[in-house]
Structures are given as C-alpha cells and as structure tokens.
Amino acid sequence: MIHYSCDRCQKSIDDQALRYVVRMEMHAECEEIDSPTPDESQLEQMQEILADLGEESGEELLEDVFRRHRFDLCDECYKCFKEDPLGAGGFPKIRFSQN
Ligand SMILES: [Zn+2]
C-alpha cells in the first residue's frame with residue numbers, strides 16, 4: 001500500500017483523507033525562437049535525443065529548460081496553496097512550530 005505524505009508540512013495523509021495533487025510545469029521560453037510549448041510526445045522525443053547525447057549532460061540540459069514537479073498536499077496545505085499559488089505570502093516555506 002502506498003502511503004502519501006504532504007510535501008509541504010510532511011504530515012502523512014490518511015488513506016481515507018483527501019489528497020490534493022498539484023502539478024507544476026516550468027519551461028524556458030524565448031519569443032525569438034519559434035517553437036511551441038512541448039507537448040507530451042515532443043517531450044519524449046526530446047528526452048530520447050538528449051539521452052543519446054549521454055545520460056548526464058542530457059538530463060542536465062533538460063532540467064534547465066523544462067521542469068515538472070508534482071506535489072501531494074494535505075487538505076490544509078492545499079487551502080494555503082490555493083490562496084497563494086506563487087508564494088507571495090511565504091509558500092512553500094515550511095513553518096515549524098515554535099513549541
Ligand atoms: Zn500539509
């Protein structure tokens with residue numbers, strides 16, 4: 001059985017509880033280069049090409065131009081994220097209790 005924990009507060013998420021999945025996609029974009037946002041298949045192609053270049057350099061290059069993150073959030077953290085997705089209010093800083 002897979003147990004999830006919240007990527008923000010590290011609290012484990014109960015199997016019965018709601019779990020929110022946040023997917024983020026970041027990629028470099030340049031107006032002067034006439035290339036559309038890569039879709040799934042293009043991305044796979046890109047990965048294949050980069051893999052041929054040699055594992056390490058390819059992976060690194062891909063990391064630079066394209067990043068995809070997936071976060072599991074608990075109910076509480078999801079509410080915070082929803083309010084402030086770009087973290088202007090401090091997200092995703094993890095606040096530890098001062099007790
Ligand atoms: Zn949480």
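**Exercise 1. In this predicted model, how are the donor residues of the zinc ion spaced in sequence, and what arrangement do the four donor atoms make?**

Solution. Step one is the spacing: along the sequence, the donor residues of the zinc ion follow C-x2-C-x64-C-x2-C. Step two is to name the donors, which are the SG atoms of C6, C9, C74 and C77, coordinating the zinc ion at 2.3 Å. Step three concerns the angles: the four donor atoms subtend 103 to 116° around the zinc ion, and the arrangement is therefore tetrahedral, since four donors count as tetrahedral if all angles lie between 85 and 135 degrees.

**Exercise 2. Which residues are linked with D72 in a network of salt bridges, and is D72 buried or exposed?**

Solution. Begin with R19, which forms a salt bridge with D72, their closest N and O atoms being 3.1 Å apart. Because D72 lies in strand β4 (residues 66-73) and R19 in the loop between β2 and β3 (20-27), this pair ties together parts that are 53 residues apart in sequence. Next, the side chains of R70 and D72 meet in a salt bridge at 3.3 Å, N to O, so that R19, R70 and D72 are linked in a network. Finally, compare the accessibilities with the cut-off for burial, under 20% relative accessible area: D72, at 7%, counts as buried, whereas R19 is partly exposed at 30% and R70 is partly exposed at 41%.

Notes
Residues numbered from 1 in each chain as written. Predicted model: local features only at pLDDT ≥ 70, side-chain atom pairs only at ≥ 80, totals over all residues. Heavy atoms only, no water. Donors = N, O, S within 2.8 Å, 3.2 Å for Na, K, Ca; no water. Tetrahedral: all angles 85-135°; square planar, octahedral: opposite > 155°, others 65-115°. Salt bridge = Lys/Arg side-chain N within 4 Å of Asp/Glu carboxyl O. Helix = DSSP H or I, 4+ residues; strand = E, 2+ residues; numbered from the N terminus. Buried < 20%, exposed > 50% of the residue type's maximum accessible area, 1.4 Å probe, protein only.
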